[in-house]
Amino acid sequence: MNHSGVASDQKPAVEITKDRNGIEQIVLRNPRGASTRVSLHGGQVLSWRTDRGEELLFTSSKAIFKPPYAVRGGIPICFPQFGQRGSLEQQHGFARNRTWVIEENPPPLQSYDSTGKAYIDLLLKPSEDDLKIWPHSFEFRLRVSLTADGNISLISRIRNINCKPFSFSIAYHTYFSISDISEVRVEGLETLDYLDNLCQKERFTEQGDALTFESEVDKIYLGSRDIIAIFDHERKRTFLIQKEGLPDVGVWNPWEKKSKTMVDFGDEEYKQMLCVNGAAVEKPITLKPGEEWTGRLELSVVPSS
Ligand code: TA6
């Protein structure tokens, strides 16, 4: 048995590697062979594979894997803002463009926990330059886990270590890999109000049917239930999004015209992806000095007819 408590012919539960730019990545595996891969660039989940090695998250073939770009795919962490044009360098904040570190407590090469879950704890703190553009000291701890069933969970704990309150927005900008955007429907957002980014964030109310897609969509659904389902009819599978502390859900597909304007996205790739993002956007979260916020997202995939 090696130090991770895994038979020597098995790969370790937690493995630290590097990408082609020398940026550290952590691979988490479960005993059945499912895996997920997280980059220290942005604390971004880049891959989530089934025990048969099937990739469940979308990453563009034109993605740029080095700063200052966020990788176009996986699960970028949008913090401390989302969809705001203005002071910060990017509309979705700087967390996804920063180098995170591995928290050594407990040691990262820990084997599975008692439930067969492999996990890694990452930490982001603002640099001096970050504090110049966003003058609020924080500690952002992110635990990425892969369960024995092959589900991934992201638990964010954001603590205000400032001497005055601050507010933030957050989104897990999740790129799901799908068979064909015209074969997909989303359930759990019916009848909710939403802000439409294609209509100057004007507020509308969703109709009573499941969402299907025939054109560009860029909406933030407000006050949603804590479980959303994405049915991929052709692949006969359903993604389940379970969340806590994330009242809103972003839904985005750039469709054909917008795709052609994105250098890190293929012209036809809109057909194979859909973003459904657990978020807290409409009402930013305010933390008093010393206060900590926790937000959880768990993704699973189940067979469906
Ligand atoms: O998820 C919705 C959205 O705000 C879209 O408007 C689009 O800009 C997308 O995020 C991607 O943003 P990014 O900054 O990653 O290119």
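A polar contact is taken here as a pair of N or O atoms within 3.5 Å; within protein, one atom must be able to donate a hydrogen and the other to accept it, and residues adjacent in sequence count only if both atoms are side-chain atoms. The model is predicted, so local features need pLDDT of at least 70 and side-chain atom pairs count only at pLDDT 80 or more, while totals for chains, interfaces and linings use all residues. Residues are numbered from 1 along each chain as its sequence is written, and side-chain values use heavy atoms, with hydrogens and water left out.

We may begin with the ligand. A polar side-chain atom of R72 lies 2.9 Å from a ligand oxygen atom. For H173, an N or O atom of the side chain is 2.7 Å from an oxygen atom of the ligand, and for D218 a polar side-chain atom lies 2.5 Å from a ligand oxygen. On its own the ligand has 390 Å² of accessible area, of which the protein covers 82% (Shrake-Rupley method, 1.4 Å probe; for residues, only the protein chains shown count as cover). The surrounding residues are R72, F82, Q91, H92, R96, H173, D218, W252 and N277, each with a heavy atom within 4 Å of the ligand. By class, this shell has two nonpolar, four polar and three charged residues; Ala, Val, Leu, Ile, Met, Phe, Trp, Tyr, Cys and Pro count as nonpolar, Asp, Glu, Lys and Arg as charged, and the others, Gly among them, as polar.

Turning to the strands (DSSP runs of E, at least two residues, numbered from the N terminus), two strands are said to pair if DSSP finds at least two bridges between them. Strand β1 (residues 14-18) pairs with strand β2 (residues 24-29) in the antiparallel sense, over five bridges, and I16 faces I26 in β2. The two strands form a hairpin with five residues between them, and G22 in the turn has a positive phi of about 80 degrees.

Strand β12 is joined to the antiparallel strand β16 (residues 227-232) by four bridges, with V184 opposite D232 in β16.

Some backbone details in the loops are also worth a look. A cis peptide bond, with omega about 5 degrees, joins P67 and P68; P68 is found in the loop between β4 (44-49) and β5 (77-78). The peptide bond from F79 to P80 is cis as well, with omega near 5 degrees, and P80 has its place in the loop between β5 and β6. Finally, K201 has a positive phi of about 60 degrees although it is not a glycine; K201 is found in the loop between β13 (193-196) and β14 (202-205).
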